[in-house]
Amino acid sequence: MAVKVIIPTPLRVYAGKQESVEVQAKTVAEALAALTGTFGDLKKHLFSDDGRLRSFVNVYVNDEDIRYLQKDQTQVREGDTISIVPSIAGGSRI
Amino acid sequence: MVTKVGVPEASAKANPAATLSKEEVMRYSRHLIMPEVGMDGQLKLKAAKVLCIGTGGLGAPLGLYLAAAGVGRIGLVDFDVVDSTNLQRQVLFGTSDVGRPKITAAADRLRNLNPDIQIDTFETHLSSENALILKDYDIVVDGTDNFPTRYLVNDACVILGKPNVYGSIFRFEGQITIFGYPDGPCYRCLYPEPPPPGLVPSCAEGGVLGVLPGIVGTIQAAETLKLIIGKGDPLVGRLLLFDALAMKFRELKLRKNPDCPVCGTHPTQTKLIDYAEFCGIRGEEAPVAATNVPEITPRELKTRLDRGDDLYILDVREPHEYQICNLNGHLIPLGELSRRVHELDSSREIVAHCRSGKRSADAVQFLQKAGFRKIWNLKGGILAWSDEVDPAVPKY
């Protein structure tokens, strides 16, 4: 299935400055693997060393948080949009 | 199930004799003639008490529009001082305010806009010790700029039962939602943990389109006013994402996490904690992602260069930063380093630098892992070079 993955601004520098990337996948896990396969530097920003999605990064399929679906086994359909939404705080150096 | 509730009725009832003076009727006439606000709504605004945490990029439009709308009592929390880099977006302040405490400049501006309202100022760093400031207000608006304070505000609002109108920005993107409703999610439902320091750039590092906090802060003001007058659909359980470059709004669903340690069905955290520790920041140390990296100070570098040493200067900043000022280094932005490492000669002595020394510390760590042995990080970056060696180099 061709799905669009929207790259959030703070991570675009690691994804060739693109705001979205199209990948072929059947589940969220496959989509993210395809994404980090192409853009290796993204991996450490999305996943911790034990391979789990970092807790300050949320992933949505269309408008639903995958934590309330089937997590990374959530299936995706043709034309779905996967959004990566990291926490941002603006402002100071901390 | 989200309950649509306005400001607790207690506020309006506590001041049952509240009316509008003739001048107020004139001032708020454009509200009064709208059925959605009307006299009832305006009186609710007059009785409302809103605490604005932060008077910077988000706080500026927020404070201005709440004061303009006639919110009867506005609390302002900020310990910072106006500096010239703020003026690109913090429109509460003018050039003549540079050097003044933000809280004083903000209060002056808002009192000038609306002398009829009460402005409370708290020139302090919000902390677990003084978070009870929130208690006297009906609604809290989070206009802060760092993770520890966001978690503190969130937890305090949940514990005290206050809605938290949240807005955050990065470069040209914003997020807005309302946390802290009894049936709604809180910040921790969305992000149980903060990013480790250094992993998510701040505005000072990533930059921000000046108008962006203006848009996001104004949306926060709109949501606050809606909560007070009890009209419209508030952003509870809804995360509004805004992209100023694409000029698009998107919306994602936010769900309350039943296992949330703060707002879940069985909360395990019912008190405020040490948020600096929670966010991995110890004391006043600048968080640097790479530690134990060999360093060279600007003065040492200057001495060696003047001596004619053959040093290769590697600049890991972005091209637009190079245009502002540079040390004639070889530019390889940090994000491209892994792909362009072959451009570097590991037999040469290399000094890596960036703006403040953080990105270049990452670069040095990466290059060490790639086998480079003669590599140093310029401590403090080009900012320190300007301070210690050549003041003609502009700081940004």
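Helices (H or I, at least four residues) and strands (E, at least two) are DSSP runs, numbered from the N terminus. The model is predicted: local features need pLDDT of at least 70, side-chain atom pairs count only at pLDDT 80 or more, and totals for chains, interfaces and linings use all residues. Residues are numbered from 1 along each chain as its sequence is written, while chains are lettered from A and ligands numbered from 1 in the order in which they are written.

**Exercise 1. Describe chain A by its elements and its dimensions.**

Step 1. Read along the sequence, the pattern of chain A is β-α-β-α-α-β-β-β. The chain has three helices and five strands.

Step 2. The C-alpha trace of chain A spans about 40 × 30 × 25 Å along its principal axes.

Step 3. The radius of gyration is taken over C-alpha atoms, and the globule rule is 2.2 Å times the number of residues to the power 0.38. For 94 residues a compact globule would have a value near 12 Å; chain A has 13 Å, which agrees.

Step 4. A residue is buried if 20 or more other C-beta atoms lie within 10 Å of its own, exposed if 12 or fewer, and partly exposed in between; C-beta atoms are placed from the backbone. In chain A, 36% of the 94 residues are buried.

Step 5. Two residues are in contact if their C-beta atoms, placed from the backbone, lie within 7 Å. Of the contacts in chain A between residues at least 6 apart in sequence, 52% join residues at least 24 apart.

**Exercise 2. Find the strand order of the eight-stranded sheet in chain B and its edges.**

Step 1. Strands of a sheet pair through backbone hydrogen bonds, either parallel or antiparallel. Here two strands pair if DSSP finds at least two bridges between them.

Step 2. The sheet is open, its pairing is mixed, and its order is 3-2-1-4-5-6-7-8.

Step 3. Strand 3 (118-122) and strand 8 (248-253) of chain B stand at the edges with a single partner strand each, so one side of each is left without a neighbour in the sheet.

Step 4. From one strand to the next the twist averages 15°. Axes are lines fitted to C-alpha atoms, for helices over the stretch in contact, and angles run from 0 to 180 degrees between N-to-C directions.

Step 5. Helix 6 (residues 102-113) of chain B packs on the sheet and touches strand 2 (73-77) and strand 3; its direction makes about 175° with that of strand 3. Helix 7 of chain B also packs on the sheet, touching strand 1 (49-53), strand 4, strand 5 and strand 6, and its direction makes about 165° with that of strand 4.

**Exercise 3. Is B:Leu254 buried or exposed, and where is its place?**

Step 1. The place of B:Leu254 is in the loop between strand 8 and helix 11 (275-278) of chain B.

Step 2. B:Leu254 is buried, because 24 other C-beta atoms lie within 10 Å.

Step 3. Leaving aside neighbours within four places in sequence, the contacts of B:Leu254 include B:Thr177, B:Pro185 and B:Leu239.

**Exercise 4. Describe the five-stranded sheet of chain B.**

Step 1. This open sheet has the order 9-13-12-10-11, with parallel pairing. Its edge strands are strand 9 (295-296) and strand 11 (330-331), and each pairs on one side only.

Step 2. Five bridges join strand 10 (residues 311-315) to strand 12 (residues 349-353). The bridge partner of B:Tyr312 in strand 12 is B:Ile350.
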